[in-house]
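Please open the model in your viewer and keep the selection panel at hand. The stops below are meant to be followed in order.

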Amino acid sequence: SFLHLRPMPLDAIYSLKETFKADSNENKIILGSGVYRDDQSLPWVLPSVEKADEIVAKTQDCGRYEYLPIPGYAPFYTAARDLLFGDLGDNASRIVSLHTVAGTGANRLGAQFLKETTHPSAVWLPDPTWVNHHNIWSQVGVNVKTYPYWNSSTRALDFEKMLRVLSDEATEGDVLILHACAHNPTGVDPTKEQWMTIAAMCETKGLFPFFDCAYLGFASGDLDEDAWAVRHFMSRGTLELAVAQSFSKNMGLYGERVGALHLVTATAEIASNAKGHLSRLQRGYVSQPPTRGARIAATILRTPDLYQEWLFDIQQMSSRIRNMRRALRDRLISLGTPGSWEHIFSQIGMFSYVGLTAEQVAIIEEYSHIYMLKSGRINIAGLTTKNVENVARAIDHAVRL
Ligand code: PMP
C-alpha cells in the first residue's frame, strides 16, 4: 500500500511559482526560474526559430509522425556536436552522440551509463549547482559529494578550496560535474588558466569530466568562446569526457525538449560499442526522443542564413541580460545601498547570486512582492527597464533593515 507516503515538498522553483501566482498584488515580480523573458516580461520566440518552424512545417510529409531511430535525429545530433566541438578532424569517430529529451535527459542518460559502465565511487557536484543534478545522480544511485565553488564573502569562485578538496578527497574514476559556461546558479565561471588546471587535475587523478552545457551563447554571446572549456579538455587528447547539451535556453525551445549527449572515448571502436549501450538505456527511458524540436534546431544549425540569424538572436538575449545587470548595479550604487554590487555586472549568463541572506529574501517578498530563491539567486532575464527600479529599491530596503 501507499499508506507510508508522506507529502513531498515541491521543488523550490515550482513552489515559488505557486506563491507568486497566489499573490494578487499588481506590481509583483518573479525572478525565479531560468527562462528568458523580453523587456515586456513576455516569453520570446526567437525569429530564427519561427522561420525554421515554418520550413519544418512545409517540408513535413506523411512520415512526420513516424518514430525516429533510438539514438534520435542524426542531422540534429551531428550538427549539435559540431557546434559544440568545432572542427573535429579525425577525432569525430571517437565521439558518440545521441539526441536526448533536452539537457535533463542527457544528464540522466549519461549518469546511468557511467554508473553501469565505470561504477564511480562518487560524483562531485559544485556547491551550489543546478538542483536537479542532486536529484538525477541520487536517483541513479551514485554517491553524491560536493566540492566548494562559491565563496559568499568574496562573491567569487573559491578556486583554491575547490582544487584542494578535489585533490585530497576525490578518487580515481569519480565523476566531476562541471558547468561548461554560465554556471547556474552563481553566474561565475573559471578563467581559462583555471580550466587548464582543472583539466590537468582530471588527468593526474583519473577523474571523469562531465560537462553540463545548458547556456552556450549566454556567457559571452559568442558560441566559440563559450565552448572553450569543452574544446580545451577535448584538445588535450588524453581525457575521456561527456557533455550534456541543451537547446532549451539558447533556442528558447524549452517545452520542445531538445538536447544531446556526447561521449568522448579513447578510440572509435569504444565509441561504437558505447553507442549500443547508450541506445539500450535510451530505449528503456523514452524509446525514441521527440522529433519536432530537433528538426527545428537542425534546420537552424544547417541553414547558413538561419544560423547567422540565430547568432543575432542570441546576441539580443545576452545583450539585454547584460544591460539589465548594468541597470541593477547602477541603481543600487546611486541609491547608496550598503555593500558592493560590482559582481552583479561582472557575473555572466542568466543568473546572479546577488549576495542576499534568506531573511533579506523573505523581507523583499513580504514588503515588495518580489519573488526569488532563498539563496538570493535571481534570474536577470526577469528584470525589465520598467521593474528594475522597484527591484533595486526593494533590495536597498532589505539590506538597510
Ligand atoms: N543543466 C543546467 C545547469 C540547467 O540550468 C538546466 C535548465 N534549468 C538544465 C541542465 C536542463 O534544461 P533542459 O532539460 O530544459 O534542457
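**A tour by selection**

Begin with Ala 102, which has its place in helix 4; helices here are DSSP runs of H or I with at least four residues, strands are runs of E with at least two, and both are numbered from the N terminus. Although Ala 102 is not a glycine, it has a positive phi of about 60°. Before going further, note that this is a predicted model, in which local features need pLDDT of at least 70 and side-chain atom pairs count only at pLDDT 80 or more, while totals for chains, interfaces and linings use all residues. Residues are numbered from 1 along each chain as its sequence is written.

Next, select the ligand together with its shell of 13 residues, of which the closest are Ala 102, Gly 103, Thr 104, Ser 246 and Ser 248; a residue counts as near if its C-beta atom, placed from the backbone, lies within 6 Å. Helix 4 (residues 102-117) gives the largest share of this shell, 3 residues. By class, the shell holds 4 nonpolar, 8 polar and 1 charged residues, where Ala, Val, Leu, Ile, Met, Phe, Trp, Tyr, Cys and Pro count as nonpolar, Asp, Glu, Lys and Arg as charged, and the others, Gly among them, as polar.

Now colour the chain by domain: domain 1 covers 12-45 + 317-400 and domain 2 covers 67-302, with bounds that come from an automatic or database domain assignment. Their C-alpha centres lie 29 Å apart. At the boundary, 19 residues of domain 1 are in contact with 21 residues of domain 2, contact being defined by C-beta atoms, placed from the backbone, that lie within 7 Å. On the side of domain 1 that touches domain 2, helix 12 (304-335) and strand 11 (351-353) are the elements that give two or more residues, and strand 11 supplies the largest share, 3 residues.

Then select helix 2 (residues 47-59) and helix 11 (residues 292-302), whose axes come within 9 Å and cross at roughly 110°; axes are lines fitted to C-alpha atoms over the stretch in contact, and angles run from 0 to 180 degrees between N-to-C directions. The two helices are therefore roughly perpendicular to each other, a class that spans 65 to 115 degrees. Among the residues that make the contact are Val 49 and Ile 55 of helix 2 and Ile 296 of helix 11.

Finish at two cis peptide bonds. One joins Asp 127 and Pro 128, with omega about 5°, and Pro 128 is in the loop between strand 3 (123-127) and helix 5 (131-140). The other runs from Asn 184 to Pro 185, with omega near 15°.

Definitions and conventions:
Contact = placed C-beta atoms within 7 Å. Parallel < 35°, antiparallel > 145°, perpendicular 65-115°, else oblique.
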